[in-house]
Amino acid sequence: HIWVRVFSVYGSNDNEGTLLSSFVEKCKSNEYMALTPCTQIWDFLHELDAGSALFLLGDKGVSGEIYCLGSGEGRPLSEYLTSAKRIINNSYELHFGEIAFSPHQVMHLCADNSKLKADTGWFNRIDFASGIRMMTK
């Protein structure tokens, strides 16, 4: 038995209602999207990297262990969205701060994937910009 705590996985198979999927579509079509200040520290991992990690955990993971699955690289959500905008539609206007945070907003979500890397040899190969390019094809 292995327990995997999955953090924010994104990609072409993401649900339509997630922030990143919604943002990509709005940005592509140049539709308005109100945003929070997006100062939360977030950790995005591309779906192909998540899949390879799960495969390796099935093969090399230690029974009884708990593994965090994420890129391990936290940065402000605003940086992720700004990076995505530059790739998809650089003239898209970002509306940071137009929505207040919810009362229970998670402000820091970043995986410590050191045990995953040590036990399986896994590392993420797809950087965020490359993952966004793959989503927009």
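**View 1. Asp-49 in helix 2.** Asp-49 has its place in helix 2, which spans residues 47-60; helices here are DSSP runs of H or I with at least four residues, and strands are runs of E with at least two, both numbered from the N terminus. This is a predicted model, in which local features need pLDDT of at least 70 and side-chain atom pairs count only at pLDDT 80 or more, while totals for chains, interfaces and linings use all residues. Residues are numbered from 1 along each chain as its sequence is written, and side-chain values use heavy atoms, with hydrogens and water left out. Asp-49 is buried and has no salt bridge, the nearest side chain of opposite charge being that of Arg-125, 5.4 Å away. Buried means under 20% relative accessible area, exposed over 50%, and partly exposed in between, with a 1.4 Å probe and protein chains only. A salt bridge is a side-chain nitrogen of Lys or Arg within 4 Å of a carboxyl oxygen of Asp or Glu.

**View 2. The salt bridge of Lys-115 and Glu-65.** The closest N and O atoms of Lys-115 and Glu-65 are 2.9 Å apart. This pair links distant parts of the chain, 50 residues apart, with Lys-115 in helix 4 (residues 114-120) and Glu-65 in the loop between helix 2 and strand 5 (66-69). Lys-115 is partly exposed, at a relative accessible area of 35%, and Glu-65 is also partly exposed, at 26%.

**View 3. The salt bridge of Glu-79 and Arg-75.** Here the closest N and O atoms lie 4.0 Å apart. Glu-79 is partly exposed, with 43% relative accessible area, and Arg-75 is partly exposed, with 28%.

Conventions: Lys and Arg count as positive and Asp and Glu as negative; His and the chain ends are not counted.
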